[in-house]
Amino acid sequence: MAKQTPMMQQYLEIKAQYEDAFLFFRLGDFYELFFEDAKKAAHELEITLTSRGGTHDRIPMCGVPYHSVDQYIQQLIEKGYKIAICEQVEDPKEAKGVVKREVVKLITPGTVMEANLLNDKENNYLATVADFEDGSFGFGRTDLSTGESAVTLIEGDLNDVIYELASISAKEVVVSEAFASKYEDTLEQQLNLTVSVEEERELPESMEGLCSELEQSKLIETMAPLFHYLIKTQKRSLDHLQKVTYYSRNEYLKIDYHSKRNLELTETIREKKKQGSLYSILDKTETSMGARLLKKWLEQPLVDRKKITERHSVVQSLLDNFFIREELKDKLKEVYDLERLAGKVAYGNVNARELVMLRRSLHQAPSIRIM
DNA sequence: GTCTTGAGGCTAACAT
DNA sequence: ATGTTAGCATCAAGAC
């Protein structure tokens with residue numbers, strides 16, 4: 001390969017660390033992509049592929065201005081790609097030679113934090129699968145935007161794993177290299193999700209507290225790679241993550257994929273539209289948190305009689321008490337997405353408008369609690 | 001409405 | 001040797 005300019009050397013060094021992601025390389029007012037990234041991105045995003053350099057050996061390039069980068073990120077995330085955002089980390093006026101640059105965050109389908117890329121009414125799950133020597137699987141999930149995590153064991157085959165991944169609509173799954181080489185194609189094609197590899201299997205010290213309620217070592221081993229992946233990709237505070245909860249797959253009714261589709265619980269069969277689904281008819285929720293909970297209830301019906309009765313009696317008491325119900329509705333209208341707001345605060349990318357939303361929401365909390 | 005320009009880094013090519 | 005300039009993705013603001 002021909003000798004590169006200083007900036008291209010810098011680019012290649014950084015790119016080598018993020019082989020599996022599009023590297024958005026900040027250059028002045030633009031994020032630029034080079035080489036194969038440029039060719040692929042130009043094709044996916046339908047933008048012009050150009051080049052830079054001299055008259056010979058020009059380097060393929062495409063780019064977008066910083067103020068409209070979000071829409072392009074969104075397109076790539078929706079297609080399941082990962083993106084590394086590389087910023088200029090010193091003042092160009094002070095810099096001698098090329099300005100220092102660093103990857104400041106990795107955006108992947110399962111770790112998106114930007115509100116405009118997330119659907120309010122749906123969780124955005126990053127899953128993880130561990131395969132144990134006895135043939136069983138560990139299955140875990142985290143929604144980075146709300147901070148919730150849950151884990152279970154699967155005594156079954158790969159189809160049961162696929163069922164679990166499909167039932168939470170996981171966007172991305174963290175697995176070992178060995179697992180990926182065996183099943184990556186199946187997972188990507190059947191479930192349309194992004195597969196990420198993480199080898200580290202020891203639980204990070206900073207995450208021990210989150211796993212304090214897990215009693216079996218298999219459960220902790222399942223979650224460890226997922227937490228490593230989060231630390232590696234996010235480069236930020238993960239303080240808003242809540243304790244990992246254990247659930248048994250027997251708590252919920254198993255509905256096979258085809259039945260679920262035919263019941264049109266959350267989307268219609270032919271158009272995959274929400275409108276017309278059972279969920280869209282039942283959804284009278286006032287908050288995003290409520291909408292996500294309702295969806296969970298529909299997709300994972302309870303089987304334990306006692307729990308079902310409990311849930312019914314709560315619903316019944318609200319049905320019977322018109323005034324309390326209406327008052328509660330009014331108060332909840334003032335409540336914004338607390339789960340995700342908390343995440344943004346811990347994460348350090350909260351803005352003023354969102355802080356005002358947080359204040360209004362918390363203001364309602366005491367009176368709601370009394371009811 | 002349509003056309004032109006500049007936004008900010010970096011570099012190749014041309015000018016002194 | 002050192003200095004100046006043209007170009008280069010898209011988008012929004014300004015000119016017409």
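The legends below describe several close-up views of a predicted model.

Residues are numbered from 1 along each chain as its sequence is written, while chains are lettered from A and ligands numbered from 1 in the order in which they are written. In this predicted model, local features need pLDDT of at least 70 and side-chain atom pairs count only at pLDDT 80 or more, whereas totals for chains, interfaces and linings use all residues, and side-chain values use heavy atoms, with hydrogens and water left out.

**View 1. Domains of chain A, with domain 2 and domain 4 in contact.** Chain A is divided into domain 1 (6-107), domain 2 (117-251), domain 3 (266-303) and domain 4 (305-370), the bounds coming from an automatic or database domain assignment. Between the C-alpha centres of domain 2 and domain 4 there are 28 Å. Contact (heavy atoms within 4.5 Å) joins 15 residues of domain 2 to 9 residues of domain 4.

**View 2. The second largest pocket, between domain 3 and domain 4.** On a 1 Å grid over the protein atoms alone, a pocket is an open set of points with protein on both sides within 12 Å along at least five of seven lines, a cavity is a set of points where a 1.4 Å probe fits but cannot get out, and lining residues have an atom within 4 Å of a point. Grid points are joined across faces, edges and corners, and a volume is the space filled by probe spheres set on the points. Two or more lining residues come from each of helix H9 (288-299), helix H10 (305-320), helix H11 (322-333) and helix H13 (352-370), where helices (H or I, at least four residues) and strands (E, at least two) are DSSP runs numbered from the N terminus. The largest share of this lining, 7 residues, is given by H10. The lining of the second largest pocket divides into 19 nonpolar, 6 polar and 5 charged residues, with Ala, Val, Leu, Ile, Met, Phe, Trp, Tyr, Cys and Pro counted as nonpolar, Asp, Glu, Lys and Arg as charged, and the others, Gly among them, as polar. Because domain 3 (266-303) and domain 4 (305-370) both give residues to this lining, the second largest pocket lies between them.

**View 3. The largest cavity, between domain 2 and domain 3.** The count comes to 3 cavities of 30 Å³ or more, and the largest cavity holds about 170 Å³ of space. Among the 14 residues that line the largest cavity, Asn123, Tyr125, Ile168, Lys295 and Glu299 are the closest to its centre. H9 gives the largest share of the lining, 4 residues, and the lining as a whole divides into 2 nonpolar, 4 polar and 8 charged residues. Domain 2 (117-251) and domain 3 (266-303) both contribute to the lining of the largest cavity, so it lies between them.

**View 4. The second largest cavity and its lining.** About 90 Å³ of space lies in the second largest cavity, whose lining residues include Tyr163, Glu164, Ser167, Arg249, Lys260, Glu299 and Gln300. Helix H4 (residues 158-167) gives the most to this lining, with 3 residues. By residue class, the lining of the second largest cavity holds 4 nonpolar, 2 polar and 5 charged residues.

**View 5. Arginine 292, a buried residue of helix H9.** Arginine 292 lies in helix H9 and, with a relative accessible area of 2%, is buried; here buried means under 20% relative accessible area, exposed over 50%, and partly exposed in between (1.4 Å probe, protein chains only). Leaving aside neighbours within four places in sequence, arginine 292 is in contact with Asp120, Lys121, Glu122, Asn123, Thr146, Asp337, Glu339 and Arg340.

**View 6. Serine 169 and asparagine 192, residues with positive phi.** Serine 169, in the loop between H4 and strand S10 (172-175), has phi near 50°, a positive value in a residue other than glycine, and at 35% relative accessibility serine 169 counts as partly exposed. Asparagine 192, in the loop between helix H5 (177-191) and strand S11 (194-197), has phi near 60°, again positive in a residue other than glycine, and is exposed, with a relative accessible area of 66%.

**View 7. Cysteine 62 and cysteine 211, both buried.** The structure holds 0 disulfides, a disulfide being a pair of cysteine sulfur atoms within 2.5 Å. The cysteine sulfur closest to that of cysteine 62 belongs to cysteine 86 and is 15 Å away, too far for a bond. Cysteine 62 is buried at a relative accessible area of 1%, and cysteine 211 is buried at 3%.
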